[in-house]
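Subject: Structure handover

Hello,

Please find the structure below, followed by notes on what was found in it.

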Amino acid sequence: MKIYGVALLAGCFLIGHIVGDYFGKLFHLNGNLGGVGFAMLLLIFTYDYAKKKSWLAKESEAGILFWSTMYIPVVVAMSSTQNVKAAMSGGFMALLVGIIATGLCYLMIPIISKIGKK
Amino acid sequence: MEDLIKILEKNGLVFAFLIVGSIMWVSYQVSSKLTKNKIPGAAIAISVGLLIAYYGKGEKGIASIPAFSGLAILGGSMLRDFSIVSTALGASFSEIKKTGLVGLLSLVIGTCIAFFAGGTIAYFMGYTDAKSFATIGAGACTFIVGPVTGSAVGASSDVIAISIAIGVIKSVFVTIVTPFVAGRFGINNPQSAMIFGGLVGSTSGVSAGLAATDPTLVPYGALTATFHTAVGCLLCPSILYFIVNAIL
């Protein structure tokens with residue numbers, strides 16, 4: 001059943017958030033630190049393990065896949081509810097950061113490729 | 001008319017599905033028909049979202065109009081984080097192990113470069129507090145890492161909006177530039193495609209850019225790019241934010 005996949009996803013999500021929350025408290029911050037990242041890693045590991053043991057049916061997988069295809073639509077909804085009017089003052093900076101920071105990453109490609117060949 | 005608005009207000013989330021679905025359809029049509037997939041449909045759709053937000057009043061964008069309040073549920077942090085976590089399914093750990101240490105190195109270095117370069121530019125343009133530095137720097141990773149970091153450290157909504165815009169610009173930039181510079185940076189084999197994906201991140205940009213360069217490289221670049229978001233969500237609001245917080 002699809003709900004099995006959704007439930008697995010929900011479990012990873014909640015555990016990730018609990019861990020992130022714990023880290024937040026540990027460092028005296030109100031937010032959730034890296035909860036999403038922990039949850040993703042947890043899902044990757046449990047999914048890998050469950051697949052090796054063939055615990056997950058295709059049907060259950062579809063429950064997780066549905067949510068991963070909803071990710072761009074959710075981001076669209078999120079952007080439509082941001083304070084864009086106030087952000088307009090930073091429009092030029094957004095352009096600058098987007099291009100310069102990305103350009104620097106490109107420059108690293110040949111360097112890391114070289115390390116990989118050694 | 002009044003009755004209609006009442007129904008929309010009562011069924012906000014369902015109405016949000018209809019709105020976002022329509023935006024997605026129009027954007028993907030524009031992407032394929034007018035730009036020949038040069039600009040990814042996802043990037044157009046997100047830009048349309050930001051544009052719509054501009055017409056709302058105040059902090060919550062278009063959701064400040066009651067009939068559109070469902071968009072705040074669909075795009076709220078709960079469903080956002082839930083759907084982001086689910087994307088990890090596309091990346092199998094046994095496959096990234098094949099890239100080995102170099103893949104991991106490219107992920108960490110890519111995140112750090114984007115974070116500190118982005119944050120430093122923001123710093124010199126007047127966003128001198130640690131929260132804004134971290135959120136804008138995280139936005140330079142991907143348009144997901146920005147808002148996730150922003151809500152974790154408690155940045156303001158306008159800074160979060162900027163971080164999304166940066167991520168969108170990055171994805172468009174990567175899509176357009178990659179086919180032109182692929183030769184110069186040696187993106188012509190699976191390993192360098194994986195390094196490219198890990199360094200640059202933006203999954204939509206990397207997949208679209210590689211598709212225009214050499215379609216057989218797409219799965220390799222997309223694989224590490226998916227991890228970029230995970231690594232960014234892990235590092236930016238935690239270790240990297242602490243470093244910034246300690247310095248500023």
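A residue is called buried if 20 or more other C-beta atoms lie within 10 Å of its own, exposed if 12 or fewer do, and partly exposed in between. Please keep in mind that this is a predicted model.

By that definition, helix H7 of chain B is mostly covered, with 10 of its 10 residues buried. Among them are Lys131(B), Ser132(B) and Thr135(B), along with Phe133(B) and Ile136(B).

H7(B) covers residues 130-139, and its axis comes within 10 Å of the axis of H12(B), residues 218-247. The two axes cross at roughly 145 degrees, and the crossing is right-handed. From H7(B), the contact uses Ala130(B), Phe133(B), Ala134(B) and Ala138(B). From H12(B), it uses Gly232(B), Cys236(B), Leu240(B), Tyr241(B), Val244(B) and Asn245(B). Sorted by class, the residues of this contact are 8 nonpolar, 2 polar and no charged.

The buried ones include Val145(B), Pro147(B), Val148(B) and Val153(B). What do the buried residues of H8(B) pack against? In chain A they meet helix H2 (35-52) and helix H4 (71-79), and in chain B they meet H7, helix H9 (157-181) and H12. Just after H8(B) comes Gly154(B), with a positive phi of about 80 degrees.

The largest nonpolar core has 116 residues. Those that touch the most other members are Met40(A), Val85(B), Ala165(B) and Cys236(B). H12(B) gives this core its largest share, 14 residues. Apart from neighbours within four places in sequence, Val85(B) is in contact with residues of chain A: Leu9(A), Cys12(A), Phe13(A), Gly16(A), Val36(A), Ala39(A), Met40(A) and Leu43(A).

The contact between the chains takes 88 residues from chain B and 65 residues from chain A. On the chain B side, these are 63 nonpolar, 19 polar and 6 charged residues.

Within chain B, the domain assignment gives domain 1 (2-75) and domain 2 (92-247). The C-alpha centres of these two domains lie 25 Å apart. Contact between them involves 10 residues of domain 1 and 12 residues of domain 2. The domain 1 side of that contact has 6 nonpolar, 2 polar and 2 charged residues.

Leu210(B) is in helix H11 of chain B, residues 203-213. Why is Leu210(B) counted as buried? Leu210(B) is buried because it has 27 C-beta neighbours inside 10 Å. Its C-alpha atom is 8.7 Å from that of Ala182(B), 28 residues apart along the chain. Leaving out neighbours within four places in sequence, Leu210(B) is in contact with Thr178(B), Ala193(B), Leu217(B), Val218(B) and Gly221(B).

The other is His17(A), in helix H1 of chain A, residues 2-26. His17(A) counts as partly exposed because it has 18 C-beta neighbours inside 10 Å. The C-alpha atoms of His17(A) and Ala39(A) are separated by 7.1 Å, and the two residues are 22 residues apart along the chain.

Regards

Notes
Residues numbered from 1 in each chain as written. Chains lettered and ligands numbered in written order. Predicted model: local features only at pLDDT ≥ 70, side-chain atom pairs only at ≥ 80, totals over all residues. Domains from an automatic or database assignment. Contact = placed C-beta atoms within 7 Å. Nonpolar A, V, L, I, M, F, W, Y, C, P; charged D, E, K, R; others polar. Axes fitted to C-alpha atoms, helices over the stretch in contact; angles between N-to-C directions. Helix = DSSP H or I, 4+ residues; strand = E, 2+ residues; numbered from the N terminus. Left-handed = near helix turned anticlockwise from the far one by under 90°. Core = buried A, V, L, I, M, F, W, Y, C linked by C-beta atoms within 7 Å.
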